[in-house]
Amino acid sequence: MDKTNLPTRIIKRMVIVLAVYPIIFFLGLLILFLGSSSAGTKAVLLFLAMTLFMIGCFRIIGLYVPSLPVESFLKRLASPIGLISGGIYFLLRGQSTIGFGLSWGAIIIGCLSVFTSLQRILPEVLLVRRLVDSYNRGLQPKLKLSYFYLVSQAGIGVLWAHRLSRAIITSLWKIHGKRIVWPLLSYSLRGQKKDVRLWIGEHASALIWVLAPGDPTDLDKESMHQIRLCMGKVFLLQLSVGDDRISTELFPREVIKLTIKFRSADISGFKMEDAVSTITHQLAATTFPIANSDERLDEELITMQHCLANKGLPPIAGAYLRFRLAASDVERFLCLLDCVETLIRISAFVLVANRLNAPDGSFPDGISKLFSRPSLGQWVQLLRDLCQVPQDDAISKNIVEFWSGPLAGAPVQLIDDAKGSGLDWRGQLPRSHLAWLDWFVWIRNQTRGHGSVDEDKVAPIWHSIHETYLLMCQHLGSITWLPGLASPDAKGSFELASGWCREQKLRICKPGVEPAFLLMGEGTDQSALQLYPFVVNAEGTFWLWNSTHDKEIEYIDYGSGQIKRWSLDGTDPIELWHTCAKIYPK
């Protein structure tokens with residue numbers, strides 16, 4: 001069990017015990033020091049005594065200064081101080097010329113070791129205090145360097161964890177040519193509250209779990225909560241005794257798991273080059289570009305990210321997670337196009353479903369043909385037409401008010417950024433979000449529509465699209481994160497699905513495709529809006545209508561970007577909706 005999960009009182013008692021026994025040994029060595037007559041022996045005894053004394057003192061200090069990572073640097077800082085003490089004593093009391101030379105060498109080495117140790121410990125202390133201060137003040141941490149949070153289970157040595165963290169940042173330095181990240185170990189947060197540790201883990205650029213030999217799924221609830229929330233930047237380093245080899249797989253999906261097998265049970269001799277190479281490649285390609293983009297966002301948009309992670313509508317949250325997992329600027333740009341397109345389709349599907357659900361709900365003849373092979377421009381036109389229809393319910397009003405509302409801020413800046421990147425829009429400057437969608441269709445056709453994407457043109461603008469998308473999600477809260485999707489079971493009850501925790505399957509999932517409902521409200525005020533056949537639940541994954549193909553319906557799983565085809569009782573969406581409504585009445 002990880003000691004960080006023990007009650008604070010028990011941890012303090014353990015630290016006191018660990019601090020007392022070095023001091024007891026110090027007193028014993030001090031007695032031997034006073035009883036010895038040889039200057040050389042006294043110097044050695046003083047070196048050992050001061051080392052143990054400093055270890056005890058550091059552990060006691062750690063009780064009152066939780067942000068001081070004393071456990072991480074006990075040996076590296078305590079031993080040099082003892083070495084300097086022994087060297088100084090022999091210089092004052094010794095008579096041997098060779099001993100003088102060794103004493104000067106010990107003092108110089110000790111001073112250099114103290115300097116390098118302080119060079120490592122002081123930035124970590126400042127980082128922890130800055131993060132804790134930001135947490136206490138309820139602010140987004142503003143740091144000059146990104147940081148990754150390394151958590152090691154019981155049985156993994158502190159020095160080994162430090163070796164791993166130093167190897168990672170050294171490897172990243174070789175890739176980028178400059179320091180872009182700082183490591184933060186869980187030992188540095190031993191005295192902090194659980195909520196503080198979770199908050200720091202959520203705001204880290206990456207989370208690395210080092211799991212001791214055993215069951216790789218044996219994680220405490222705190223760790224699993226962080227994994228679900230921070231998916232896309234989590235690495236599980238599983239150690240196990242066996243042949244000297246390394247294998248990689250996803251555990252769970254979107255989490256990179258490295259299984260390290262070694263012959264000896266002593267992990268101190270384990271070579272970590274392969275693990276470091278895999279981790280740093282992923283950090284450099286995926287994690288840090290997203291972290292750099294996040295630094296441009298304000299506090300409200302960072303909060304929006306957490307809303308999507310925890311309770312976002314699954315297709316929207318899944319598309320956004322795929323963006324955060326992208327490994328290149330082009331891939332991130334294309335994923336963001338899918339993210340915005342998901343908002344367009346969900347908005348249109350909810351307005352269509354509400355219209356069909358109304359007592360006098362009807363559509364003009366031929367509307368079903370629109371769903372046969374619609375282009376993005378046709379989806380936008382459908383949304384524009386639906387926004388002209390008066391709406392009574394709160395969700396539809398929110399959708400219409402947003403898309404018809406005035407344009408300002410990030411969407412306007414995005415058009416200017418695209419112009420500076422060589423994607424010059426010749427049309428009039430949009431004044432509403434609906435008009436902005438005309439520009440969005442144009443930019444999509446200019447990039448993805450040509451079959452190949454020019455990285456030089458899209459790399460500078462995906463950050464602006466990221467900000468614009470999160471602003472849209474924030475204003476479209478009635479469909480992005482306030483409700484949830486579900487499918488009814490045999491008794492007519494619903495199990496809510498939300499967020500991007502895609503490794504958790506719904507308990508009521510059946511083989512095949514089930515109707516999807518938009519759940520609104522809570523308790524007795526909860527209502528369900530039928531989105532079938534526009535949105536379906538395929539064994540826990542929600543697909544969105546794309547087009548028809550012969551007698552099959554083509555869906556898109558925006559969480560994976562894959563096209564899915566399925567045969568239903570026809571391909572007319574209006575007829576399919578009414579058929580399902582008879583089975584599941586209001």
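Met520 sits across from Ser527, a residue of strand 10. Here strands are DSSP runs of E with at least two residues, helices are runs of H or I with at least four, and both are numbered from the N terminus. The model is predicted, so to speak of local features takes pLDDT of at least 70 and side-chain atom pairs count only at pLDDT 80 or more, while totals for chains, interfaces and linings use all residues. Residue numbers start from 1 along each chain as its sequence is written, and side-chain values use heavy atoms, with hydrogens and water left out.

Back to the strands: four bridges pair strand 9 with strand 10 (residues 527-530), in the antiparallel sense. Pairing requires that DSSP finds at least two bridges between two strands. Strand 7 (residues 484-486) also runs antiparallel to strand 9 (residues 517-520), with three bridges joining them. Leu485 faces Leu518 of strand 9, and Ala486 has Phe517 as its bridge partner.

Put together, the three strands make an open antiparallel sheet, ordered 7-9-10. Strand 7 and strand 10 are the edges, each pairing on one side only. From one strand to the next the twist averages 35°, taking axes as lines fitted to C-alpha atoms (for helices, over the stretch in contact) and angles from 0 to 180 degrees between N-to-C directions.

Then there is helix 6 (residues 194-202), which is mostly covered, with seven of its nine residues buried. Buried stands for under 20% relative accessible area, exposed for over 50% and partly exposed for anything in between (1.4 Å probe, protein chains only). The buried set consists of Val196, Arg197, Leu198, Trp199, Ile200, Gly201 and Glu202.
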